[in-house]
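Biologist: I am new to this structure. Please show me how to read it, one feature at a time.

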Amino acid sequence: MEVDDMEMRTPEKKSSFVQFKKNFEDPVYKNKFICTMFLFWAFIVLGFSAGQGGPSFLDLMLITNTKVEQASALFTSGAVGFMIGAFVSGFLYEKCNKLLLLAACLVGSSIFSAVIPLCTPLPVMIAMYFLKFFMTAGVDTGGNADLLRLWGKDSRVFMQILHFCFALGGLIAPLVTEPFLAPKSAKPMITTDSANESHILEYGYNSTNAYVQDLLGLNGTSNKMTTASTEDVPKSEILFAFIITAVLFLSAAVPFFVEFFLRKVDKNRKPEDDQQDDRQRIPLPVYVITVALIGAFFFCYCALEETFISFLAVFTVEGMGWTKPDGALVTSVFWGSFAAFRFLGIFFIKMLTPSSMIILCLIILSASLGAFLICSLFAVNIGIWISSVGIGLATSIVFPTTFTWVEEHVIKVTGKVTSVIMICAASAGMATPLLLGYLMEEVTYMWFSYLLFLQSVILLIIHIVQRLHAVFVLKKYHSAAEVESTNELAIPQEKGEMFDPNA
């Protein structure tokens with residue numbers, strides 16, 4: 001591992017291992033490296049939790065005794081929790097101890113992960129989903145921010161590895177979750193007694209309450225209606241899969257607690273000073289339009305990615321007639337290609353420009369989703385498997401590469417710009433699951449393929465507009481900056497008034 005340090009550059013060419021060994025002898029570097037390993041493990045667990053959502057969705061429907069349209073509210077609740085959590089944790093990150101904040105969020109994620117499969121009423125599970133994603137947003141936001149604080153300008157490679165760790169966790173999750181899933185024959189039993197129709201029964205509380213008791217080995221008596229409704233309730237052991245996730249979250253929290261108590265000062269974790277942006281000041285209306293286009297791109301991209309991950313298992317099992325193990329496996333195949341190409345993206349970015357990488361990935365994404373749609377219509381199962389690999393390839397490096405492209409060719413990615421991106425990314429997961437859940441339940445499961453392909457086309461169009469905007473509108477300000485070499489990042493409005501994005 002090489003660090004871009006002028007003192008370490010010598011005319012003699014050293015191997016990566018020799019230079020890493022020399023760097024590791026420095027206490028400051030050693031501490032930073034160990035802390036980075038803690039972050040990598042936390043993001044593996046974070047990806048594991050995210051990858052578990054899709055395969056476990058059918059069993060959560062079984063526990064709450066609901067249909068896709070109703071249970072889709074879980075994803076919306078999680079998206080709302082993540083958006084609010086990202087905002088709150090971003091504020092607290094500058095006010096609280098960084099290590100304690102990360103540790104507390106990991107512990108909270110652990111607790112709510114274990115509680116989710118025990119919540120038989122859907123409203124309660126929705127609330128737990130909200131709280132869990134509120135906590136995981138703190139891990140996500142704090143982890144990215146802390147990595148930048150550790151390495152400063154040398155964080156590019158580490159950031160790629162961090163997101164690869166997330167993908168690696170997502171790859172493992174479906175494989176670990178699959179043995180605990182209920183059989184495919186398991187269906188939510190939404191039945192009510194004519195004399196006992198209530199809001200609680202709509203969510204299957206009585207039937208699934210006995211299911212949870214049986215799962216925990218509690219052989220107690222229940223009322224006549226509960227016994228009658230649970231005679232043929234299929235068994236799911238999804239609780240144990242969520243307990244594994246909870247234990248992993250705890251294991252990621254322990255190192256941060258230990259580091260907090262062992263370290264007396266935090267001086268070794270200071271990043272290098274931020275560099276001033278010397279690009280020309282941009283008029284406020286142009287700046288707002290630019291940020292809006294960036295937000296629209298990330299909204300559409302995250303809506304597409306979250307939708308595919310969350311509903312792929314449901315679509316293949318319920319819409320295509322696959323088995324649950326196959327539904328979990330195709331999700332794992334997607335995560336496998338996603339993780340593999342995210343790792344390879346670390347090397348591809350050195351051979352291709354970010355601009356070329358993005359347009360290539362978007363074309364592959366549209367082509368893969370088009371093939372996925374055709375294969376779904378004609379029930380070509382092998383085509384769905386292959387298309388899932390292509391979708392994983394295309395989506396793997398769009399997010400980090402777009403960050404780089406925006407920074408280099410559009411505008412400086414300030415804290416406010418990043419906040420807009422995170423809010424748009426989180427809000428994408430709020431509306432799309434409800435819309436798709438309704439279309440799949442009330443119209444046809446094929447809307448999964450229709451909507452994804454439509455989103456890929458819209459995403460490509462938005463990026464083309466971004467490129468045209470950068471070339472014909474923003475380029476003149478960038479060119480002027482090269483002449484003036486200004487050191488202030490201020491954006492003037494009309495008549496000399498200034499807008500400072502860092503204010």
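Modeller: Start with burial. Buried means under 20% relative accessible area, exposed means over 50%, and partly exposed lies in between, using a 1.4 Å probe and protein chains only. Ser387 is buried, with a relative accessible area of 6%. This is a predicted model, where local features need pLDDT of at least 70, side-chain atom pairs count only at pLDDT 80 or more, and totals for chains, interfaces and linings use all residues. Residues are numbered from 1 along each chain as its sequence is written, and side-chain values use heavy atoms, leaving out hydrogens and water.

Biologist: Which helix holds Ser387?

Modeller: Helices are DSSP runs of H or I with at least four residues, numbered from the N terminus. Ser387 sits in helix H15, residues 381-396.

Biologist: What does the side chain of Ser387 reach?

Modeller: A polar contact pairs N or O atoms within 3.5 Å; within protein, one must be able to donate a hydrogen and the other to accept it, and residues adjacent in sequence count only if both atoms are side-chain atoms. Here the Ser387 side chain reaches the backbone oxygen of Gly383 at 2.7 Å. For contact in general, heavy atoms must be within 4.5 Å. Leaving aside residues up to four places away in sequence, Ser387 touches Ser368, Ala371 and Phe372.

Biologist: Why does Met422 count as partly exposed?

Modeller: Because its relative accessibility is 21%. Met422 lies in helix H17, residues 415-442. Its contacts, not counting residues up to four places away in sequence, are Phe82 and Thr141. Met422 and Ala86 are 336 residues apart in sequence, yet 7.4 Å apart in space, C-alpha to C-alpha.

Biologist: How do I check the span of helix H11?

Modeller: The expected span is 1.5 Å times one less than the number of residues. H11, residues 238-262, has 25 residues and reaches 37 Å from its first C-alpha to its last, close to the expected 36 Å. Its buried residues include Phe242, Phe249, Pro255 and Glu259.

Biologist: At what angle do H2 and H13 cross?

Modeller: Axes are lines fitted to C-alpha atoms, for helices over the stretch in contact, and angles run from 0 to 180 degrees between N-to-C directions. The axes of H2 (residues 27-64) and H13 (residues 324-348) come within 10 Å and cross at roughly 165°. Angles over 145 degrees count as roughly antiparallel, so H2 is roughly antiparallel to H13. Gly51, Pro55, Leu58 and Asp59 of H2 make the contact with Lys324, Ala328, Thr331 and Trp335 of H13.

Terms used:
Helices (H or I, at least four residues) and strands (E, at least two) are DSSP runs, numbered from the N terminus. Angles under 35 degrees count as roughly parallel, over 145 as roughly antiparallel, 65 to 115 as roughly perpendicular and the rest as oblique.
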